[in-house]
Amino acid sequence: MNRCLVLQSEVQSFIEKCMVATGAKPSHAKSLADVLVEGDCRGHYSHGLNRMDMYVKDIQTGICSKDGEPIIEKESVATALVNGENVLGPVVGNFCMDLAIKKAKDVGIGWVVAKGSNHYGIAGYYAMQALKQDMIGMSYTNTSPLVVPTRARDVELHHRSGDTIPEGWGCDSHGKPSTDPGKVLSGGGLLPIGGCEATGGYKGFGLGMMVEVFCGILAGSHYSKHIRTWKVTDSVANLGQCFVAINPENFAPGFKDRMSDLLTLHRDLEPAEPGTPVMVPGDPERINIKRCKELGGLSYHINVINHMNKVAKTLGVTPELPVNRPLA
């Protein structure tokens, strides 16, 4: 058996219990569980349950604060600088996106940056909060220096599952492309979007630089090589993050109609491979959400479940995640 089915409610409760057992506030534990479960529902398994042990370690070591709340240090009608006070990233993310949305409702746009934050799960979780308010949402974060001068943490998931990674994802410690996730994680690094220079990797590098400016440089947090090494919790992360909400009502009328037409134009393009339709951003996630509903839960590799159950045992958390629903 390689994969098993776990109910969404079981995963949600499991994560919350584990985080509370480490000393996190119940409300903070729920914020984290919400975003991790959403990541798995949308098919981004590298940023869901698979990531829980990292948050547990951050709280246990005291590197991430289990108390406190984000605070606003500076703001205007459309902008704000937030100090995350080193609490769990999703708590900071929710605070900042709520603030950005409020400002966008008032003046058309809200641009909020945060320092003193931590890993916050999938960025799209926060952008979608604006979408629920009929607004455009954007969210960015910087992270540990993993790219060889964006963050495809699927490498770790492949390593835990014992699988190789596709060519173009990473390189070894000598800068040579490698499909071995172990070599990438042990002294190697990730390649920018696009891969090497010959295949357009410089464009991905440029996008990465833009994100760093929006996050670390604007917010005054750690940035680039000044951020701690990935998965080494010997110092505060102090990540920089950026949250943007834009109200289309402040621009040309008919936004929704044009947006719908744009998506339809692309979806209706003739596919290169028959039976493989052209998709727009968000379509793969919607397909995975539908599949989860059909299955009645979330599909996990058994290695991930076993690893997280071991973490739960060390915390004295019960019940463990079930492994009695095998999937083909």
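Me: What makes β9 count as mostly covered?
Reply: In β9, 8 of its 8 residues are buried, where buried means under 20% relative accessible area, exposed means over 50%, and partly exposed is what lies in between (1.4 Å probe, protein chains only). Both faces are covered too: Leu239, Gln241, Phe243 and Ala245 are buried on one side, and Gly240, Cys242, Val244 and Ile246 are buried on the other.

Me: Before we go on, what sort of model is this?
Reply: It's a predicted model, in which local features need pLDDT of at least 70 and side-chain atom pairs count only at pLDDT 80 or more, while totals for chains, interfaces and linings use all residues. Residues are numbered from 1 along each chain as its sequence is written, and side-chain values use heavy atoms, with hydrogens and water left out.

Me: How do you know that β9 pairs with β4 and with β5?
Reply: Two strands pair if DSSP finds at least two bridges between them, and the strands themselves are DSSP runs of E with at least two residues (helices are runs of H or I with at least four), numbered from the N terminus. β4 and β9 share 7 bridges in the antiparallel sense, and β5 and β9 share 6, antiparallel again. So both pairs pass the rule of at least two bridges. Val244 in β9 stands opposite Trp111 and is also the bridge partner of Met138.

Me: What is the strand order of that sheet, and which strands are at the edges?
Reply: The order is β2-β3-β4-β9-β5, an open sheet of 5 strands with mixed pairing. The edges are β2 (71-75) and β5 (136-141), as each pairs on one side only. Neighbouring strands are turned by 20° against each other on average, direction ignored; for angles like this one, axes are lines fitted to C-alpha atoms (for helices over the stretch in contact), with angles from 0 to 180 degrees between N-to-C directions.

Me: What makes the crossover from β3 to β4 right-handed?
Reply: The test is to look with the strands pointing away from the viewer: if the path from the first strand over the helix to the second runs clockwise, the crossover is right-handed. The chain goes from β3 through α4 to β4, and this β-α-β crossover is right-handed.

Me: Why are Trp111 and Phe214 called edge-to-face?
Reply: Rings of Phe, Tyr and Trp (its six-membered ring) pair if their centres lie within 6.5 Å; planes under 30 degrees apart are stacked, over 60 edge-to-face and the rest tilted. Trp111 and Phe214 come out at 5.2 Å centre to centre and 90° between the planes, so they pass on distance and land in the edge-to-face class. Tyr125 and Tyr126 do likewise, at 5.1 Å and 85°. By this rule the count comes to 7 aromatic pairs, and Tyr120, Tyr125, Tyr126 and Phe243 form one aromatic cluster.

Me: Are those residues buried or partly exposed: Trp111, Tyr125 and Tyr126?
Reply: Trp111 has 24% relative accessibility, so it counts as partly exposed. Tyr125 is buried at 17%, and Tyr126 is buried at 0%.

Me: How do you know that Arg3 lies over the face of Tyr45?
Reply: The rule wants NZ of Lys or CZ of Arg within 6 Å of the ring centre and within 35 degrees of the ring normal. Arg3 is at 5.8 Å from the ring centre of Tyr45 and lies over its face.

Me: Last one: why does Lys57 count as partly exposed?
Reply: Its relative accessible area is 40%, so Lys57 is partly exposed. Lys57 is in helix α3 (residues 52-60) and, leaving aside neighbours within four places in sequence, is in contact (heavy atoms within 4.5 Å) with Lys231 and Thr233.
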